[in-house]
Amino acid sequence: MLPQLSVYGKACDTPAIEHTPALEVEQVVFRYSGMPRPALEIDSLRVMPGERVALVGPNGAGKSTLIKLVAGLEKLQSGEIHVYGNPVLSCMHRVALVPQRSTVDWQFPVTVREVVMMGRYVHLGWGKRPRQEDRDAVDEAMKRMEISNLANRQVGELSGGQQQRVMLARTLAHDADLLLLDEPLNHVDVATQELVFHVLEDLCKKTKAVIVSTHDLGILPVHFSRALFLDRQVIADGPVEEVLTAQTIARAYGFEFHGGESLSKWLNG
Amino acid sequence: MVEWLIEPLGYSFIVRGLIAGILAGTACAVLSAFIVWRGMAFVGDAMAHAILPGIVLAFMAGISLFAGALVAAILTAVGIGLLSRRGGMKEDTAIGVMFTGFFALGILLLSKVTSYQDLTHILFGDILGVARGDLIAMLVIMLIVIVAVLFFYKELLVTSFDPGHSVAIGLSPELVRYGLLLLIALTVVAAIQVVGVVLVLALLVTPAAAASLLAKRLPQIIGLGMVFAVISTVVGFYASYYADVASGSAIVLTLTMIFLMAFVYQSIRKWMMRSQ
């Protein structure tokens, strides 16, 4: 509890180390208490700045676990995780998380503007009120996600797509370098999905990196530069066009393809 | 009319009672919004019940009942915090088992040391028995609650709405929950004097429940809840003076009436919007 006390709101004094991966995972084994086998075992994984990585695999494959370990929602049990060259959790500013929808209390009475402002809290800390620069960042983020007209609405009144725009706007206001999105596309309309990816692609032109967990294999070739198939360990990892094969999908999801060795048409984009 | 309002205020113990009611009601109403929207009603009720043995032990030891309640309340807040940290059993089950046990212990101790009359004062409140020292303590508690909620408003907001994001930015939701439990504990101690152990839950829940029917934004819900709590304290107080009924129940019933009126108003408004 004490280290967390000291991290919240403290100015980040550990600058990104140049020419290091955005994310580096080494020898990580993670086991939920009471479970016989590890939920996740990763020998070595590197994500470079500018990469857009799709995290794919069946339920229970460890996609969320990996995201939680990087965001600090689960404690590292063994191995090491580095973010832009610094140990995980040493700099909360650098990692932003869009959690799964179900972990958020959408009925809680907050406005869109208040939620987007939560992205600035990491820069403020205990008891500090938002400054002008924070309000500007929030306005900018809402404009980018095309939700400025919803600013004073309650988040509970919005559609699933609008809510997801709010969450990404919060992440933009956070101004992190490594973005983690845990199944952000569930219950999202096509227009929002396009906007989300457009914004993510823009971010990755700079030095940022994005990791998105998804079940929607159809979007992989269009929106990602790399696919990482997980099933408690890395099954396949590489450029989407190389990795997205019938064999990989069958291995990751544990089933046999019935239509021969070729993917159905929708997967080839 | 003015005379009718002023008459009871000629007695200092009655003025003290009225002020006590307003102070406790305000503190409860401020926390009420968080208790309602975070779903902590059961925790608040358990807290009120678990404090009973503390009050009785203080009575037996001949020290201030207020101090006894305070110590018991803080211990209870820590207890609830610990119960919710460990996995396994569902939190509300663990709390239900533990704190009905404490309440039973309180009743048992009470039955050994006092007559039934004293029992009703603790269970249902004794607004006219508020001492000057208690009043100061209640004022301090109300100020602590208001200042804490103002100061930690954004931390309360983010841990309630999205605990995952909260952890990701290094802010422990458990720590904030502990703080909130302590504030509820303090407030319960203040409110027990006014409405008693059994009815405290009404002051913790109903103000924000009624306000949430009429307002959408959290600051509005808190503000409106405070207005409701103060109105029902004053109305209930006069009702109790002139109709000679128990003050705690008069206050709570007024609050319930306000809730019902808000409910009817909101239902009519919805119905009219639909038929337009």
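This briefing covers salt bridges in the structure above. The model is predicted. Over all chains, the count comes to 19 salt bridges.

**Glu51(A) and Arg226(A)**
- Glu51(A) forms a salt bridge with Arg226(A), with the closest N and O atoms 2.9 Å apart.
- This pair links distant parts of the chain, 175 residues apart.
- Glu51(A) lies in the loop between β2 (40-47) and β3 (52-56), while Arg226(A) sits in strand β9 (residues 226-230).
- Glu51(A) is buried, at a relative accessible area of 18%.
- Arg226(A) also counts as buried, at 9% relative accessibility.

**Glu201(A) and Arg52(A)**
- Glu201(A) pairs with Arg52(A) in a salt bridge, and their closest N and O atoms are 3.7 Å apart.
- The two residues are 149 residues apart and link distant parts of the chain: Glu201(A) is in helix α7 (residues 190-204), Arg52(A) in strand β3.
- Glu201(A) counts as partly exposed, at 27% relative accessibility.
- Arg52(A) has a relative accessible area of 19%, so it is buried.

- A salt bridge joins Asp175(A) to Lys208(A), with the closest N and O atoms 3.3 Å apart.
- Asp175(A) is in the loop between α6 (160-174) and β7 (178-182), and Lys208(A) is in the loop between α7 and β8 (209-213).
- This pair, 33 residues apart, links distant parts of the chain.
- Asp175(A) counts as partly exposed at 47% relative accessibility, whereas Lys208(A) is buried at 11%.
- Salt bridges link Arg94(A), Asp175(A), Asp177(A) and Lys208(A) in a network.

Technical notes: Residues are numbered from 1 along each chain as its sequence is written. Chains are lettered from A and ligands numbered from 1 in the order in which they are written. This is a predicted model: local features need pLDDT of at least 70, side-chain atom pairs count only at pLDDT 80 or more; totals for chains, interfaces and linings use all residues. Side-chain values use heavy atoms; hydrogens and water are left out. A salt bridge is a side-chain nitrogen of Lys or Arg within 4 Å of a carboxyl oxygen of Asp or Glu. Helices (H or I, at least four residues) and strands (E, at least two) are DSSP runs, numbered from the N terminus. Buried means under 20% relative accessible area, exposed over 50%, partly exposed in between (1.4 Å probe, protein chains only).
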